[in-house]
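Subject: Structure for your files

Dear colleague,

Please find the structure below, followed by notes on what was found in it.

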Amino acid sequence: MDEEVQRVSNALDEVERIADPEARVRAMSRVMAEQVKRNARWKEERRELVLSLRAQKVSYRQIAARLGLGLSTVQDIERGYSGSGKHRPRAKREDEA
């Protein structure tokens, strides 16, 4: 695990170890609210990088390996899709395009 990721994980572990249940849940709520804001920025930055790499003709598989993502995730990012797989729109067949 990268050092930065480990530090964040350790900090989250500390939140989970707060003894007082009310204080723990207050801290968890603040962390979750902050992360909601951050997720939008991170999602956009990730998409910009994927699109940039695709513009450079980097394959989906290479992008997935470089960024530690699944192949279908890279494809979904390029398409602008970010929902769950359960609600993913069906791909159009060539005869429907």
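Which residues form a nonpolar patch on the surface? Val 8, Leu 12 and Val 31 do, and together they have about 230 Å² of accessible area. Patches are made of residues with over 30% relative accessible area and no salt bridge, with nonpolar side chains (Val, Leu, Ile, Met, Phe, Trp, Tyr) joined within 5 Å and like charges within 9 Å. Accessible areas come from the Shrake-Rupley method with a 1.4 Å probe, and for residues only the protein chains shown count as cover.

Before the rest, the basis of the notes. The model is predicted: local features need pLDDT of at least 70 and side-chain atom pairs count only at pLDDT 80 or more, while totals for chains, interfaces and linings use all residues. Residues are numbered from 1 along each chain as its sequence is written, and side-chain values use heavy atoms, with hydrogens and water left out.

Overall fold

The chain has four helices and zero strands, in the order α-α-α-α along the sequence. Helices (H or I, at least four residues) and strands (E, at least two) are DSSP runs, numbered from the N terminus. Of the 97 residues in the chain, 11% are buried. Buried means under 20% relative accessible area, exposed means over 50%, and partly exposed lies in between (1.4 Å probe, protein chains only).

The largest pocket

The largest pocket holds about 290 Å³ of space. Helix 1 (3-16) and helix 2 (21-55) are the elements that give two or more residues to its lining. The lining consists of Asp 2, Glu 4, Val 5, Val 8, Ala 11, Leu 12, Val 31, Glu 34, Gln 35, Arg 38 and Trp 42. By class, six of the lining residues are nonpolar, one is polar and four are charged. Here Ala, Val, Leu, Ile, Met, Phe, Trp, Tyr, Cys and Pro count as nonpolar, Asp, Glu, Lys and Arg as charged, and the others, Gly among them, as polar. Val 8, a residue of helix 1, belongs both to this lining and to the surface patch.

A pocket is an open set of points on a 1 Å grid over the protein atoms alone, where a 1.4 Å probe fits, with protein on both sides within 12 Å along at least five of seven lines; lining residues have an atom within 4 Å of a point. Grid points are joined across faces, edges and corners, and the volume is the space filled by probe spheres set on the points.

Salt bridges

There are six salt bridges in the structure, each a side-chain nitrogen of Lys or Arg within 4 Å of a carboxyl oxygen of Asp or Glu. Side chains of opposite charge can pair when their charged atoms come close.

One of them joins Arg 79 to Asp 76, with the closest N and O atoms 3.3 Å apart. Both residues lie in helix 4 (residues 71-79), three residues apart, about one turn of the helix. Arg 79 is exposed at 57% relative accessibility, whereas Asp 76 is buried at 8%. Elsewhere, salt bridges that share partners join Glu 34, Lys 37 and Arg 38 into one network.

The side chains of Lys 37 and Glu 34 meet at 3.9 Å, N to O. Lys 37 and Glu 34 are three residues apart in helix 2, so about one helical turn separates them. Lys 37 is exposed, with a relative accessible area of 55%. Glu 34 is partly exposed at 32%, and Arg 38 is partly exposed at 25%.

Lys 57 sits in the loop between helix 2 and helix 3. Its phi is near 70°, a positive value in a residue other than glycine. Most residues other than glycine have a negative phi. Lys 57 is exposed, with a relative accessible area of 72%.

Arg 61 lies in helix 3 (residues 60-67) and is exposed at 62%. Arg 61 and Ser 72 are eleven residues apart in sequence, and their C-alpha atoms are 9.3 Å apart. Gln 62 is also in helix 3 and is partly exposed at 44%. The C-alpha atoms of Gln 62 and Val 74, twelve residues apart along the chain, are separated by 9.9 Å.

Regards
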